[in-house]
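Here is a colleague's note on the structure, as numbered points. Please read it with the structure open.

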Amino acid sequence: MALMAKYFPSVTRIKYHPDAGPEDNMVFRHYNPTETVHGRTMEEWLRFSPCYFNMFRYFGTDDHYGYRTHIRPWDEGYSWTARHYGRASYDMSGKYMDESTYDVGKMSMSPHYSYVDVGKRSMSPHRDYVDVGKGGMSPPIPLPYVGYEDRKGQSWENGSRSLPNYKRRMQAAFEFFSKLGVRFYSACDRDFAPEGETWDETNRMLEETTNIACNLQLQSGMRPLYFAADLFSHPRYMNGAATNPEFHVFAYACAQVKRAMDMAKRLQAENFVFFHPRDGYQNPLQRQIYRDIQHLGHLYRMAAQYKDKIGYKGHLLIQPKPFDSLRHQYECDAMSTMQMLRHFGMERTYKLYIKPAWSRMMGRPYHHDVYMASAFRMLGLVDAADSYPEINGTSDICASNVRDATIVMKCYMEQKTGSFKSGMDYGHGGFTLSCRVLRESFEPCDMFHGMILTMDTYACALKNAARILSDGCFARNLQQRYISYKSGFGEKLDKGSTSFEECAEYIRSHGDAQVQSSHQEQHEQMFNYYVHPSAKKPSGYSGHI
């Protein structure tokens, strides 16, 4: 099928070019979807899924500290940046456009890229507007971009929450996903349509946009890696959703999840994710904590029952989330979430959608929760975004740390190849791209650069991890480190078939323990060998993964 070219006309499908130069950034240098790595293609291993929410509902705002900055080719001057900087001088690829590109009415473009108005206004080469009539600066006038629905300035993204605006946004999103060459995307109900004045009106709008999404999926061959219910944006959820002290809000959240699960089934979403940034506490004096957590358990029980009732085949996942939204989350990490599921007897019904960036924000290693979830056979999806904990807890940034990604990928591949015999079967799982470009990265081309950066980071990590597993040196060293548990009294301890009294008798007979070095630095050096391979390969190294 031909690619859509309405909203990003200057961007073609992103291709794999491993020899691209440092400034050739609209290509993949590492991600080759058809390349076989450790027995499967990169596409089968990674199953990348861009996040609709962070790519198409975030426009560079900084809460109440700053207005929107991002320029979008479908934008009618909605951001300050579009009006004052890039409004008529850049297209989607970040390049200057010639005068034939614009239908500017009285305005014309000179060969030197300065706008000249035959009437009052002119634009200097420095892109400052000058009112030559009064000697002052005139109000900025937005100029149209390529990709406008019409030449009168009717953009698809006009800053409103109207249903037509959501429809145009969906068309642009599918064009963006298609040009990245991915088979999946991730979304929630509020990405598709705004809330209406009544429940029925909201349902009608969601029905209409779900029909559009199904048609776009059919045309593009895509479907959601996960779908979710937005139980945090609306003011009704300011005190939580399932954990809200008001039962009416809890009931509304349950009804919204039911509707979202119906949508997920229609869209053939592979997973349904629960994501609760508002469900926590700010002051324990105002909360009955166990009751709150019990209500979360009720929500998950009802969701599992409804999944079976409607015959939805997707997996149910929970994303642990720490202290975001200025409250302490009940599901703050993998261990607390798994304990809650075990407490309510649902550890076989749910798995976890882990975002390593949250581990980093909590002062733990990036990979921590991935390994915890995998160790307990609970790892479902992995979120490829990163964070800047040292900068006010900034999260959802594009991943660029190949070393951290390689540690995550090693665990993920060990699970998928059956070494741990844990987690989901092969053919499920994947990596969501819930990254957003920074507020300062406001040009449309930055959206593609951010996705390419993250996808290449994890593709490089995949190849590194594949070499680690193929060589087996870490597996051999790990086995040797635990070898004392293979026989004798160590084997009894390992199987839990001994007692304190037997341990005391063993120490009385054998004396003090003999310790061995962990060789931590040696293992870090070994790991760097795979992350930063030397130019000269050892003899016998074929380079085959």
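1. A cavity, in this note, is a set of grid points where a 1.4 Å probe fits but cannot get out. The model is a predicted one. It holds four cavities of 30 Å³ or more.

2. Which residues line the largest cavity? They are Tyr31, Glu43, Arg47, Phe48, Gly181, Val182, Arg183 and Phe184. The volume of the largest cavity is about 50 Å³. By class, its lining has four nonpolar residues, one polar and three charged.

3. Turn next to an open space. The second largest pocket has a volume of about 1,900 Å³. Its lining counts 47 residues. Nearest the centre of this pocket lie Asn477, Leu478, Gln480, Arg481 and Tyr482.

4. Which elements give two or more residues to the lining of the second largest pocket? They are α12 (402–416), α13 (445–471), α14 (473–481), α15 (488–494), α16 (500–510) and α17 (520–531). The largest share comes from α14, with seven residues. The lining of this pocket divides into 18 nonpolar, 19 polar and 10 charged residues.

5. Helix α4 covers residues 163–180. It packs against α6 at an angle of about 20 degrees, and the two axes are 11 Å apart. Angles under 35 degrees count as roughly parallel, so α4 and α6 are roughly parallel to each other. Their crossing is right-handed.

6. Who makes that contact? From α4 come Leu163, Lys167, Met170, Gln171, Phe174 and Ser178. From α6 come Met205, Glu208, Thr209, Ile212, Ala213, Leu216, Gln217 and Ser220. The contact of α4 with α6 divides into seven nonpolar, five polar and two charged residues.

7. Helix α6 also meets α7. Here α6 spans residues 199–220 and α7 spans residues 247–267. Their axes come within 10 Å and cross at roughly 20 degrees. That angle makes α6 roughly parallel to α7. The crossing of α6 past α7 is right-handed.

8. On the α6 side, the contact with α7 uses Trp199, Thr202, Asn203, Leu206, Glu207, Thr210, Asn211, Ala213, Cys214 and Gln217. On the α7 side are Tyr252, Ala255, Gln256, Arg259, Met263, Arg266 and Leu267. By class, this contact has eight nonpolar, six polar and three charged residues. Ala213 and Gln217 of α6 belong to the contact with α7, and Ala213 and Gln217 also belong to the contact with α4.

9. At what angle do α4 and α13 pack? The angle is about 40 degrees, with the axes 11 Å apart. The crossing of α4 and α13 is right-handed.

10. In the contact of α4 with α13, α4 supplies Phe176, Lys179 and Leu180. Helix α13 supplies Met447, Phe448, Met451, Ile452 and Met455. The residues of this contact divide into seven nonpolar, no polar and one charged. Helix α13 is also one of the elements that give two or more residues to the lining of the second largest pocket.

11. Two backbone points deserve a look. Arg377 is not a glycine, yet it has a positive phi of about 60 degrees. Arg377 sits in the loop between α11 (368–375) and β17 (379–383).

12. Where is His519? His519 lies in the loop between α16 and α17. It has a positive phi of about 55 degrees, although it is not a glycine. Both α16 and α17 are among the elements that give two or more residues to the lining of the second largest pocket.

Key
Residues are numbered from 1 along each chain as its sequence is written. This is a predicted model: local features need pLDDT of at least 70, side-chain atom pairs count only at pLDDT 80 or more; totals for chains, interfaces and linings use all residues. Side-chain values use heavy atoms; hydrogens and water are left out. Axes are lines fitted to C-alpha atoms, for helices over the stretch in contact, and angles run from 0 to 180 degrees between N-to-C directions. Helices (H or I, at least four residues) and strands (E, at least two) are DSSP runs, numbered from the N terminus. Angles under 35 degrees count as roughly parallel, over 145 as roughly antiparallel, 65 to 115 as roughly perpendicular and the rest as oblique. A crossing is left-handed if the near helix is turned anticlockwise from the far one by less than a right angle, and right-handed if clockwise. Contact means heavy atoms within 4.5 Å. Ala, Val, Leu, Ile, Met, Phe, Trp, Tyr, Cys and Pro count as nonpolar, Asp, Glu, Lys and Arg as charged, and the others, Gly among them, as polar. On a 1 Å grid over the protein atoms alone, a cavity is a set of points where a 1.4 Å probe fits but cannot get out, and a pocket is an open set with protein on both sides within 12 Å along at least five of seven lines; lining residues have an atom within 4 Å of a point. Grid points are joined across faces, edges and corners, and a volume is the space filled by probe spheres set on the points.
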